[in-house]
Amino acid sequence: MPDGVWLLPKGLLHGEAAQRAVAAGHAASLAGGPVAFSLVEVIEGRPGATRRRVTTLRDLATSKDRAIGERLGRVTGARAPMVGLPMNSGPLLMGVINVTPDSFSDGGAFLEPQAAVAHGFELARAGADILDIGGESTRPGSKGVSLDEELGRVLPVIEGLAGAGAALSLDTRKAKAMKAGADTGVHMLNDVSALTHDKAALKTAAASGLPVVLMHALGDPATMQDDPRYADVLLEIHDYLEARIAVCETAGIGRERLIADPGIGFGKTGAHNLTLIANVTLFHGLGVPLLLGASRKRFIGTLTGEAQARRRLGGSIGAMLAGAAQGVQIHRVHDVREAREALTLWEACAAGASDLV
């Protein structure tokens, strides 16, 4: 395997400082968005055996290394809008709707279609830009459900949320569920297996014409947390997602239709999760919008001592803001109202908008 090159943007800037630094040529925007960076850690080699150096953006921009130039272009290039939503003007919220009896944080609460639809409208009113509807739990240790059972759960909810005022996403690994969801009116697909679980998923997703979230997961949900190991969790997951993007492009799913998710909690230890969140800027080098889903997950409870998933709001907000500060475009959350309030305050402070109060 030949050596690779990865770019980890550092020296992050926000608000007026970001705007001035970009205008002066001292910094560049992350993915064409409001967050800028002035330094870059250049990583070369192979996962587990790398050489690293930190340099200024100005010095890096003069590099004649083609691989570095291409990677830098992907880091800075503006992302195209998706499902009618801008991908370069600030963080978006994806509200979670688990139409399941066994999801890790709210299993059973919204199993009945009427409850799920009501919850979706509530999330949309609270500020969700996207509603992610799932009928099969993929929590650690979970087992799959039949296609008929999954469709019986999600299709009435998709129909009921047609007028919610938010884009609708279907969280599924099954090709036939993807087709049914597309026919019923969802606007995007979210596959925790990055279109690998079902052999027909790649072709089906391509034919749908819908945007697709590709998520990294190490193995199957039933066993993914048994003993996850990586030589370098950051670089290996980046390369996995890059490979999946390439496969999708070959199959007719253009990069402009793809979103990448490093898969927090899916085959990762707590240390792996923290490494990914702390260095999520690396994934801007994929050249697609990023999605981060850390809400209520177990590593938060490990850090805070909170055993009950529903009571991990504070840690969930902290993880979301850590991602927002690094230019992550979409945040998958359970507590939309609180997340929207936190982002509103964070963005106002970052912009120095003292005239708002």
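Predicted model: local features only at pLDDT ≥ 70, side-chain atom pairs only at ≥ 80, totals over all residues.
**View 1. The largest nonpolar core of the model.** This core has 69 residues, and those with the most contacts inside it are Leu131, Ile133, Leu161, Leu195 and Phe283. Its largest share, seven residues, is contributed by helix H8, which spans residues 233-250. Apart from this core lies another one of 13 residues, which includes Leu7, Val40, Leu57 and Leu72.

**View 2. The surroundings of Leu131.** When its neighbours within four places in sequence are left aside, Leu131 is in contact with a set of residues that includes Gly95, Ile97, Leu123, Leu161, Ala164 and Leu168.

**View 3. The crossing of helices H11 and H12.** The axes of H11 (residues 313-324) and H12 (residues 336-351) come within 10 Å and cross at roughly 45 degrees, and the two helices are therefore oblique to each other. Their crossing is right-handed. On the H11 side the contact is formed by Leu313, Ile317, Met320, Leu321 and Ala324, which meet Glu338, Ala339, Ala342, Leu343 and Trp346 of H12. Sorted by class, the residues of this contact are nine nonpolar, no polar and one charged.

**View 4. Val83 and Arg296, two residues with positive phi.** Val83, which is not a glycine, has a phi near 45 degrees, and its place is in the loop between helix H3 (66-76) and strand S5 (92-98). Because its relative accessibility is 27%, Val83 counts as partly exposed. Arg296, also not a glycine, has a positive phi of about 65 degrees and lies in the loop between strand S11 (291-292) and helix H10 (298-304). With a relative accessibility of 9%, Arg296 counts as buried, since buried means under 20%.

Technical notes. Residues numbered from 1 in each chain as written. Heavy atoms only, no water. Core = buried A, V, L, I, M, F, W, Y, C linked by side-chain atoms within 4.5 Å. Buried < 20%, exposed > 50% of the residue type's maximum accessible area, 1.4 Å probe, protein only. Helix = DSSP H or I, 4+ residues; strand = E, 2+ residues; numbered from the N terminus. Contact = heavy atoms within 4.5 Å. Axes fitted to C-alpha atoms, helices over the stretch in contact; angles between N-to-C directions. Parallel < 35°, antiparallel > 145°, perpendicular 65-115°, else oblique. Left-handed = near helix turned anticlockwise from the far one by under 90°. Nonpolar A, V, L, I, M, F, W, Y, C, P; charged D, E, K, R; others polar.
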